[in-house]
Amino acid sequence: KFAADFPNITAKRWEAKFGKQYEAVLIHNNKACRARYFATGEKHFTSYHYQAADVPSAVSSSLLSAFAGFKIEWATQVINHKNNTDRYWVRLTKPGFVLKAFVNADGTAVTDMKEEDMKEHEGGN
């Protein structure tokens, strides 16, 4: 399934994850990428890591206007193929503060996630 989803790309490594899931670590579209699959071959999610300057403007402008004085350090786009969602886990900082935001691709706040769902995508690539 990975070869069909990412033709001509070789994964840097594969990681076994909890619940019989497997994650490929690769570079795709010039970004650090992770693609997680269920043991059945069904794709669970694909994530891409963004440096601050490359975060899509719909995401960055929404957050920076809502949180004055913060700057974006990085973001991870999480495309959940099972739930059909496209979201960004964003780390913002200002002196003495760290803020982590989980927003939809249009910059609106994610309101339908449980804390344990967010923890899966918490770190950057």
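The side chains of Asp 5 and Lys 1 meet in a salt bridge, with 3.3 Å between N and O, in what is a predicted model. Lys 1 counts as exposed at 55% relative accessibility, whereas Asp 5 is partly exposed, with a relative accessible area of 22%. Asp 5 also meets the side chain of Lys 43 in a salt bridge, here at 3.6 Å from N to O. This pair links distant parts of the chain, since Lys 43 lies in strand S4 and Asp 5 in helix H1 (residues 2–5), 38 residues apart. Lys 43 is buried, because its relative accessible area of 17% falls under the 20% limit for that class.

Gly 41 is placed in the loop between S3 and strand S4 (43–51), and this glycine is partly exposed, with a relative accessible area of 22%. Although Gly 41 and Lys 1 are 40 residues apart in sequence, their C-alpha atoms are 5.9 Å apart in space.

**The chain as a whole**

The secondary structure of the protein chain comes to three helices and seven strands, and read along the sequence these follow the pattern α-β-β-β-β-α-β-β-β-α. Of the 125 residues in the chain, 39% count as buried. The chain exposes about 7,300 Å², of which carbon and sulfur atoms supply 50%. Among contacts between residues at least 6 apart in sequence, 37% join residues that are at least 24 apart.

**The sheet and a helix across it**

Strands of a sheet pair through backbone hydrogen bonds, either parallel or antiparallel. In this model, seven strands form an open sheet in the order S1-S2-S3-S4-S5-S6-S7, and the pairing is antiparallel. The edge strands, each pairing on one side only, are strand S1 (13–17) and strand S7 (97–104). Neighbouring strands of the sheet are turned by 20° against each other on average, with direction ignored.

One of these pairings joins strand S2 (residues 21–28) to strand S3 (residues 31–38) through eight bridges, the two strands running antiparallel; Gln 21 has Phe 38 as its bridge partner in S3. Elsewhere, helix H2 (residues 57–66) lies across strand S5 (71–80), strand S6 (85–94) and S7, and this helix runs at about 45° to S6.

**Charged pairs**

Side chains of opposite charge can pair when their charged atoms come close.

| Salt bridge | N to O distance |
|---|---|
| Asp 5 and Lys 1 | 3.3 Å |
| Lys 43 and Asp 5 | 3.6 Å |
| Glu 15 and Arg 34 | 3.1 Å |

In the salt bridge between Glu 15 and Arg 34, the closest N and O atoms are 3.1 Å apart. Glu 15 lies in strand S1 and Arg 34 in strand S3, so this pair ties together parts that are 19 residues apart in sequence. Glu 15 counts as buried at 17% relative accessibility, and Arg 34 likewise counts as buried, at 17%. Both residues belong to a network of salt bridges that links Arg 13, Glu 15, Lys 17, Glu 23, Arg 34 and Arg 36.

Key: Residues are numbered from 1 along each chain as its sequence is written. This is a predicted model: local features need pLDDT of at least 70, side-chain atom pairs count only at pLDDT 80 or more; totals for chains, interfaces and linings use all residues. Side-chain values use heavy atoms; hydrogens and water are left out. Two strands pair if DSSP finds at least two bridges between them. Helices (H or I, at least four residues) and strands (E, at least two) are DSSP runs, numbered from the N terminus. Axes are lines fitted to C-alpha atoms, for helices over the stretch in contact, and angles run from 0 to 180 degrees between N-to-C directions. Contact means heavy atoms within 4.5 Å. Buried means under 20% relative accessible area, exposed over 50%, partly exposed in between (1.4 Å probe, protein chains only). Accessible areas come from the Shrake-Rupley method with a 1.4 Å probe; for residues, only the protein chains shown count as cover. A salt bridge is a side-chain nitrogen of Lys or Arg within 4 Å of a carboxyl oxygen of Asp or Glu.
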